[in-house]
Each structure stands twice: as C-alpha cells, then as structure tokens.
Amino acid sequence: EGIVNFQFKHLGALVRLKIAMEETSTLKQVTLQTDDNDFTLKGYVDLTATTPTVNPTSTSNTFTILLDDITVEANSDLVVYFLMPPVNLTDKTLSVVVEKDNGYTQEITLAGKNFEAGKPYELTGTMESKKEEETQNGIVITREDEEMTDDENEYVIEEGEITEVPVTAP
C-alpha cells in the first residue's frame, strides 16, 4: 500500500579519463573535441518512451570538464571521472585538450569509441611536456619546453611571419 517500484535506465556513459602527465601542472579544464558537433550539450528525455533516450536540442564539437585548479605532480596520472550523453565516435579522432592555469594548453589525440548509455569506458594517453600552446591575437604560439633556459624562451609561431621571439622568463 503506497509502494512505488522504480526501474531506472542509465542515460549517460561513465568515462574514466586517465592521462599520464610528464610535468607538474595545475589544471583548469579538460576538453574533448571532434571535428563535428557530436556532443550533446542540451536535450530532453521522453519518459513515456519504451526506451528513454537523450534527444539533443543543442550540440557542439567540444565537451568540457572543469577541474577547478587541480594540481597533478610530474610523472603521475590525471584521473577524471565524468558522465556524458551517449555518443558514437567510432572511426573519429578524439582530441583531449588540457588547459593549465598559466593559459597554456596541451593536446593528445585518441581513437574515438562508441560511448553507449549505461556502460563504463576508459580513455588513456600520455601528455608529453615537449610543447605548450597559447593563442594571442589569433596566432597560435607553441612553446618548446626542451629549449627553455633561465634567460629566454623560444616561441614558434604556427601562423604568421615570426618564427622566434625571445622573452624574459617568468
């Protein structure tokens, strides 16, 4: 009497993102990125449907997880668990972009998967410390860590005419 029996269907895919970090970093966010608008940002669920699913109303080519300045020590793993709406990224390239508190970003590329609702997945990779990128005035600047000294940093401009700019180290 007065008892209700609920049966829940998982609507999201559980993802464990594990990235080996080669240098100590304080991280602001991690963004998954594809070439197409594959990620559902907003949607609705028809609870009267036989098989409820997420019906997207807004999509994007990025899915961002805020990290709130998490510090990861050198040679240890960044491990982030998150739920996301199902998405089939089979045969697609999935970029993982890590934004640091100093404004620089690092990126690795992973093979996409079919992320199905109610199933767990793991994405793994290694973030090499060879370069960090920053965008200034629409120009992507790549900093090569291996070439840094206390006196100057070398920057490679991927777009534009300048190839090196000496700057005072922080």
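**Figure 1. Lys18 and Asp77 form a salt bridge between two strands.** The closest N and O atoms of Lys18 and Asp77 are 3.7 Å apart. A salt bridge here is a side-chain nitrogen of Lys or Arg within 4 Å of a carboxyl oxygen of Asp or Glu. Lys18 sits in strand E1 and Asp77 in strand E6, so the pair ties together parts 59 residues apart in sequence. Strands (E, at least two residues) and helices (H or I, at least four) are DSSP runs, numbered from the N terminus. Lys18 is partly exposed, with a relative accessible area of 27%. Asp77 is partly exposed too, at 37%. Buried means under 20% relative accessible area, exposed means over 50%, and partly exposed lies in between (1.4 Å probe, protein chains only).

This is a predicted model, in which local features need pLDDT of at least 70 and side-chain atom pairs count only at pLDDT 80 or more, while totals for chains, interfaces and linings use all residues. Residues are numbered from 1 along each chain as its sequence is written, and side-chain values use heavy atoms, with hydrogens and water left out.

Figure 2. Arg16 forms a salt bridge with Glu122, with the closest N and O atoms 2.4 Å apart. Arg16 belongs to strand E1 and Glu122 to strand E11, 106 residues apart. Arg16 has a relative accessible area of 26%, so Arg16 counts as partly exposed. Glu122, at 34%, is also partly exposed. Side chains of opposite charge can pair when their charged atoms come close. The structure holds seven salt bridges.

**Figure 3. Asp36, Asp38 and Lys92 are linked in a salt-bridge network.** The side chains of Asp36 and Lys92 meet at 3.1 Å, N to O. Asp36 lies in the loop between E2 and E3, and Lys92 in the loop between strand E7 (87-88) and E8, so this pair ties together parts 56 residues apart in sequence. Asp36 is partly exposed at 41% relative accessibility. Lys92 is partly exposed at 26%.

**Figure 4. Phe82 is among the most connected residues of the largest nonpolar core.** The core has 28 residues, and those with the most contacts inside it are Phe82, Met84 and Phe115. The largest share, five residues, comes from E1. A nonpolar core is a set of buried Ala, Val, Leu, Ile, Met, Phe, Trp, Tyr and Cys residues joined through side-chain atoms within 4.5 Å. Leaving out residues up to four places away in sequence, Phe82 touches Ala13, Leu14, Val15, Leu17, Leu32, Phe63 and Ile65. Contact means heavy atoms within 4.5 Å. In soluble globular proteins, nonpolar side chains tend to be buried together.

**Figure 5. Phe39, Phe63 and Phe82 form one aromatic cluster.** The ring centres of Phe39 and Phe63 are 5.9 Å apart and their planes meet at 40 degrees, so the pair is tilted. Rings of Phe, Tyr and Trp (its six-membered ring) pair if their centres lie within 6.5 Å; planes under 30 degrees apart are stacked, over 60 edge-to-face, and the rest tilted. By this rule there are three aromatic pairs. Phe39 is in strand E3 and Phe63 in strand E5, 24 residues apart. Both Phe39 and Phe63 are buried.

**Figure 6. Leu14, Val79, Tyr81 and Leu83 make a nonpolar surface patch.** The patch covers about 400 Å². Strand E6 gives the most to it, with three residues. Tyr81 is found in E6. At 55% relative accessibility, Tyr81 counts as exposed. Patch residues have over 30% relative accessible area and no salt bridge; like charges are joined within 9 Å, and nonpolar side chains (Val, Leu, Ile, Met, Phe, Trp, Tyr) within 5 Å. Areas come from the Shrake-Rupley method with a 1.4 Å probe; for residues, only the protein chains shown count as cover.

**Figure 7. Lys42 is an exposed residue in strand E3 (residues 39-45).** Its relative accessibility is 57%. Beyond its neighbours within four places in sequence, Lys42 is in contact with Asn55, Pro56, Thr57 and Ser58. The C-alpha atoms of Lys42 and Pro56 are separated by 5.9 Å, though the two are 14 residues apart along the chain.
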